[in-house]
Amino acid sequence: MPHRVSADNLSDLVRGVLAGKNRAIARAITLVESASPLRDELLEQLRECAEPASHRADGGSRVIGITGPPGAGKSTLIGELVAVARMAGEKVAVLAVDPSSPFSGGALLGDRLRMDRHGLDPGVYIRSMASRGRTGGLSPSALETVSVLTAAGFGTIIVESVGVGQSEVGILTLADLVLVVLNPGAGDEIQALKAGVMEIGDIYVVNKADYPEAESMVRTLHAAVRESIHAVIEPRVLRTIATAGTGVEALHREIGERLEALNERGELESRRRRRITTALQEIAGDLFSEWVRAWIERHGLTDPQGGVPFGKLRRELAAALETITVREGCMDEEDAK
Amino acid sequence: MSEKTRILIAKPGLDGHDRGAKYIARALRDHGYEVIYTGIRQTPESIVNIAIQEDVQFVGLSLLSGAHNELFPRVVELLRAEGAEDIVVFGGGIIPDYDIPGLKEAGVRAVFPPGTPIAEVVQFIEQCRTGSAQTT
Amino acid sequence: MSLQKERLRWQREVADPAVSRHKERKDGALTTSSGLPLERVSIPDDAGYATDAGVYMDRLGFPGEYPFTRGVQPTMYRGRYWTMRQYAGFGTARESNERFRYLLDAGQTGLSVAFDLPTQIGYDSDHSLSYGEVGKVGVAVDSLADMEILFDSIPLDQVSTSMTINAPAAILLAMYIAVAEKQGVSRDKLRGTIQNDILKEYVARGTFMFPPAPSMRLITNTFSFCTRELPQWNSISISGYHIREAGSTAVQEVAFTLADAIAYVEAALSTGLTVDEFAGRLSFFFSAGSDLLEEVAKFRAARRMWARILKERFGATSPKSLAMRFHTQTTGAGLTAQQPDNNVVRVALHALAAVLGGTQSLHTNSRDEALSLPTEESVQIALRTQQIIALESGVANTVDPLAGSWVVESLTDEIERRAREYLDRIDREGGMVRAIENGMVQQEIEDAAYRYQREVEEKERLIVGVNCHSNDRSVSCHDVMRHDPRVQQAQLDRLAEVKSQRDGAAVERTLRTLREAATDPAADVMDPIIECVRQYATLGEISQELRAVFGEHQQHAGM
């Protein structure tokens, strides 16, 4: 494995990822997280070479998003869930996303501490990821990283996101199924959760179900999910005690059945379409932000009189977009010939 | 290239004193690095596995029990066996002066005794990144 | 009643009977060095200050009386000095045995055993995780055979032995009892302590094995056993030391230690013991750091809080239950690897704080602790430090000498107030076990540790030789103690020999009985464990049986 990825050895990296080699996967994710031009080349090559989902024995990768407030026991639960999934023969990858410090840009990533009981099992890959300034609780490159893990043949990909307030919604942009983990005794949070979180979950897990307050929390959640009008299928509420592994097999079964049901109703497909759209829009948004930044550098933030050049920017950006659209139109016509 | 520096702070062996390891992890975070912390009681094998999965450039080992002569070189050795000798290994904890030359010879690039200012660790990391590291 | 009258009452009812049972020291006048008289216990009246006797009695009282702020015995060190107890143990049982005998000859009055990490976590020396750790931070004990050597020629009815052992405390206690049996010493003669404090392992020290619930059960099993069988044994040493070493503040040290203690009391009560049956057997263990006045206040506040908690919350009435007896060790984290000889001075300050705070026993760290295990010479200086404080400083000649110092009294009150706030918060969390499971306690300690270290980095907190006055010629540590690399092999050989010579079928049988007992939550595991150790079942084998039933704990780091 080369120490530095370059244009010359990129194909080695691609081969390594497709063969499911840890070091290659790890390197590829680092590349995806960077702004290197090789990143796009890598993603393209992986797309071309990876086995299509329809050919795979497992029918393609499933992405499970797990979110919830800090201290709910998400990481421990994931550790247990991975163990059960392994027993069922699944290859599992976990992406644990934690916030970057807004001050230093650094991050302290300690989630795998509680999930990493799988030692040297080659069927498990865990990667910690810093959110690097993106709100919504997910790293900007999370979806692209998921595509690397898909290419590497992981049938089950679990994404754990920082769950604070509204930001859980970000997990919708990449998961086939969303699991919300809550802990009893956090009763006052339920009101707050109702607003955002109660609309995103396919399964609600009350962890630490041996706590005395657990039952009242389960009741509250039952009432809340019955009111949820957004859900295609009424969400389920389950109990677990992650530290003892209790309820985890039932959860694993429920995840499988849920995915099946969502698939039958075409919901998985529409979620996928939605998230690809969102991701592409985000990529474009990033590029345009970059364009605007450069534009501001050229023109200054304000004109000498102190006015903000709203109109000028919008006109010039629209003109730039126009040329792209024209070119794309030409290309489409050429394709048609 | 805007690659973020990723550092693994690991505690090999059975020693449960993690005050120093946690401090260094937090302090490096506050200096802009992405730090992965393993928790206590890691085997050299699992440390190397994590280092590779996380694609870190540095592994910092902390140990206070006196088992550093056995465990630190083992980590370096296993990294080499995985073709990951580019990952820089450094260490800290209660390590007597007379053990330091042996550890360096085994491939541990720097050893920081208790009380080392964090600036010194940061300087070492930056020197390694720019390829100008002197062994400390 | 005036305070003078209170003192006379105390003299008559408490002090005199105590003195008639146990005379005060004669090894030096109980006066100052110039012959000035010293009261046994000074009160504000002695210095000519008027005090509200009610307030005084409520907050301070007299030594040996509720609320025990001024000490747990009426005459304190005028009767007998604290126990000078140096923690020792390294390498093989044979080497540690030699160190123990050296310390006893040097005038030490109690033994304190350090075990290596594999022993503390229930692994035999031949376990793969033990690699490199055998005999490093303490002595390796794999089976009763090692324990026999460890206490060879040390009559167990004549020493008190403290064992720093937590998760497998029941197993090491069983081995100690089995050694005593072989020496012909009956159980009621055994004096000592097992640390047995698992809760602080989860938050600070890290040598846990099982999840909290089965760990608490093991602890209540040992409580019942000691209540039944070992009348002179302390069944737990509830330890703030490691919490402080992990970076907590003095307030957190008091608060989290007491919160742990409350959890143990509640666990014991839930098994049907009554509070006065076992509370007198609970002992404590604190750290002594450099901030002398704060430390003295801390010890006094802890004593007062414990008395009040036991009385008000648990309805204890026996004075033995209400009196907090504690061991102190000088801080290890407060020593520096730089200019290590300065640590001699630091340790003297730490030790002085412990004595002024009324400790029952004391371990003084050696100057080279921040570098390696201490040499024999360093251990001797550490022990001499205690002896100088005892025999020369005069602080042992009057009880609670800093009482009435305005700063010490207000710090005592303030530490109690802030520690109570933590206790209330932990109660709201649903108790200490839950506060630990949720990572609250760990987070508080880590934040304090981080703040402290940042202050050192920013030079807001100055440490001589570390971030100021650090230009001295660096002291080489050529004479620190080195580990003998042959220890591991020697231990492995011994273990193999023990395994080959024992009755394999008996080992199997006793282990099976233990597993059955462990599976039944209502059963007591102490007797089955004693049966196992008698057959030379190893620590690792016994631990493995328990792991199979109880499961293993996963670390929860805050951050």
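A: A helix here is a DSSP run of H or I with at least four residues, a strand is an E run of at least two, and both are numbered from the N terminus. The model is predicted.

Start with C:Ser366. It is found in the loop of chain C that runs between strand S10 (361-363) and helix H15 (376-391). Is C:Ser366 buried or exposed? Its relative accessibility is 3%, so C:Ser366 counts as buried; the cut-off for buried is under 20%. What is C:Ser366 in contact with, once neighbours within four places in sequence are left aside? The partners are C:Leu335, C:Pro374, C:Ser378, C:Val379 and C:Ala382.

Other loops carry backbone features. In chain C, the peptide bond between C:Tyr66 and C:Pro67 is cis, with omega about 0 degrees. C:Pro67 is found in the loop between helix H2 (53-59) and strand S1 (83-84) of chain C. C:His469 is not a glycine, yet its phi is positive, at about 45 degrees. This histidine, C:His469, belongs to the loop between H18 and helix H19 (487-501) of chain C. C:His469 has 55% relative accessibility and therefore counts as exposed. In chain A, A:Lys208 also has a positive phi, near 55 degrees, and is a residue other than glycine. The loop holding A:Lys208 lies between strand S7 (203-206) and helix H8 (214-227) of chain A. With 12% relative accessibility, A:Lys208 counts as buried.

Now the rings. Two rings pair if their centres lie within 6.5 Å. By this rule there are 23 aromatic pairs over all chains. Take B:Tyr23 and C:Tyr450: their ring centres are 5.4 Å apart and their planes meet at 45 degrees, so the pair is tilted. This pair crosses between chains. B:Tyr23 is in helix H1 (residues 19-30) of chain B, and C:Tyr450 is in helix H18 (residues 440-457) of chain C. B:Tyr23 and C:Tyr450 are both buried. B:Phe90 and B:Phe112 make an edge-to-face pair, 5.9 Å centre to centre, with 75 degrees between the planes. B:Phe90 sits in strand S4 (residues 88-93) of chain B and B:Phe112 in strand S5 (residues 110-112) of chain B, so this pair ties together parts 22 residues apart in sequence. B:Phe90 and B:Phe112 are buried. Elsewhere, ring pairs join C:Phe284, C:Phe286, C:Phe299, C:Trp306 and C:Phe326 into a cluster.

The charged end of B:Arg41 lies over the ring of C:Phe208, 4.5 Å from its centre. That of A:Lys91 lies over the ring of A:Phe154, 4.6 Å from its centre.

Next, the contact between chain C and chain B. Chain C gives 44 residues to it and chain B gives 33 residues. The two chains bury about 3,100 Å² between them, 56% of it on carbon and sulfur atoms. How many salt bridges are there between chain C and chain B? The count is three salt bridges. B:Arg26 and C:Asp447 meet through their side chains in a salt bridge, 2.9 Å from N to O. Between chain C and chain B, 13 residue pairs are in polar contact. On the side of chain C that touches chain B, helix H4 (117-120), helix H7 (199-205), helix H9 (241-245) and H18 each supply at least two residues. H18(C) gives the most to that side, with nine residues.

Last, chain B and chain A. Their contact takes 31 residues from chain B and 32 residues from chain A. Chain B and chain A bury about 2,600 Å² between them, with 50% of it on carbon and sulfur atoms. The count of salt bridges between chain B and chain A is five. B:Asp86 forms a salt bridge with A:Arg27, and their closest N and O atoms are 3.2 Å apart. Polar contact links 20 residue pairs between chain B and chain A. On the side of chain B that touches chain A, H1, strand S2 (34-37) and helix H2 (44-53) of chain B each supply at least two residues. Which element gives the most to that side of chain B? H2(B) does, with six residues.

Terms used
Residues are numbered from 1 along each chain as its sequence is written. Chains are lettered from A and ligands numbered from 1 in the order in which they are written. This is a predicted model: local features need pLDDT of at least 70, side-chain atom pairs count only at pLDDT 80 or more; totals for chains, interfaces and linings use all residues. Side-chain values use heavy atoms; hydrogens and water are left out. Rings of Phe, Tyr and Trp (its six-membered ring) pair if their centres lie within 6.5 Å; planes under 30 degrees apart count as stacked, over 60 as edge-to-face and the rest as tilted. Buried means under 20% relative accessible area, exposed over 50%, partly exposed in between (1.4 Å probe, protein chains only). A charge sits over a ring if NZ of Lys or CZ of Arg is within 6 Å of the ring centre and within 35 degrees of the ring normal. Contact means heavy atoms within 4.5 Å. Buried area is the accessible area (1.4 Å probe) that two parts lose on being put together, summed over both. A salt bridge is a side-chain nitrogen of Lys or Arg within 4 Å of a carboxyl oxygen of Asp or Glu. A polar contact is a pair of N or O atoms within 3.5 Å; within protein, one must be able to donate a hydrogen and the other to accept it, and residues adjacent in sequence count only if both atoms are side-chain atoms.
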